[in-house]
Amino acid sequence: WPRRSILQDSIVHSESGTQTAFVRDASAGGLGLGRVKGLRRGDRLRVEMANGRMLHGAVVWSSAGSAGIRFDEPLAATDLLIAV
């Protein structure tokens, strides 16, 4: 899926706790996060965007403070988060 730059702070809720993070980009399938700690592949998350929207998914990769999140349900192409 094509990615769109988002560049905004968010709050990540996981089984291990809550932390602030930075959403770098989004696609219909997921998010790219930065400034995150302790996430592991398979962790279930809720990502709270700056506008209060909650997105649900799982970590598919994590390395050196960054992570990729796959949404439980892909976003529609017309979703405002990814529509150009």
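Start by selecting arginine 35, in the loop between β3 (30-34) and β4. Strands here are DSSP E runs of at least two residues, and helices are H or I runs of at least four, numbered from the N terminus. This is a predicted model, where local features need pLDDT of at least 70, side-chain atom pairs count only at pLDDT 80 or more, and totals for chains, interfaces and linings use all residues. Residues are numbered from 1 along each chain as its sequence is written, and side-chain values use heavy atoms, with hydrogens and water left out.

Stay on arginine 35 and read its backbone. Its phi is positive, about 55 degrees, although arginine 35 is not a glycine. Most residues other than glycine have a negative phi. Is arginine 35 buried or exposed? It counts as exposed, at 55% relative accessibility. The cut-offs are under 20% relative accessible area for buried, over 50% for exposed, and partly exposed in between, with a 1.4 Å probe and protein chains only.

Next, select leucine 7. It sits in strand β1. Leucine 7 is exposed, with a relative accessible area of 55%.

Now zoom out to the strands. Six of them form a closed barrel, in the order β1-β2-β3-β6-β5-β4, with antiparallel pairing. From one strand to the next, the twist averages 45 degrees. Axes are lines fitted to C-alpha atoms, for helices over the stretch in contact, and angles run from 0 to 180 degrees between N-to-C directions. Two strands pair if DSSP finds at least two bridges between them.

Select β4, residues 44-48, and show its side chains. Which of them point to the buried face? Leu45 and Val47 do, and both are buried.

Strand β1 (residues 4-14) runs antiparallel to β4, joined by four bridges. Strand β5 (residues 54-63) is also antiparallel to β4, with five bridges.

Pick valine 47. Its bridge partner in β5 is leucine 55. Valine 12 has valine 47 as its bridge partner in β4. Then move to leucine 45, which stands opposite glycine 57 in β5.

Finish at the hairpin of β4 and β5. Five residues lie between the strands. Select glycine 52 there: its phi is positive, near 95 degrees.
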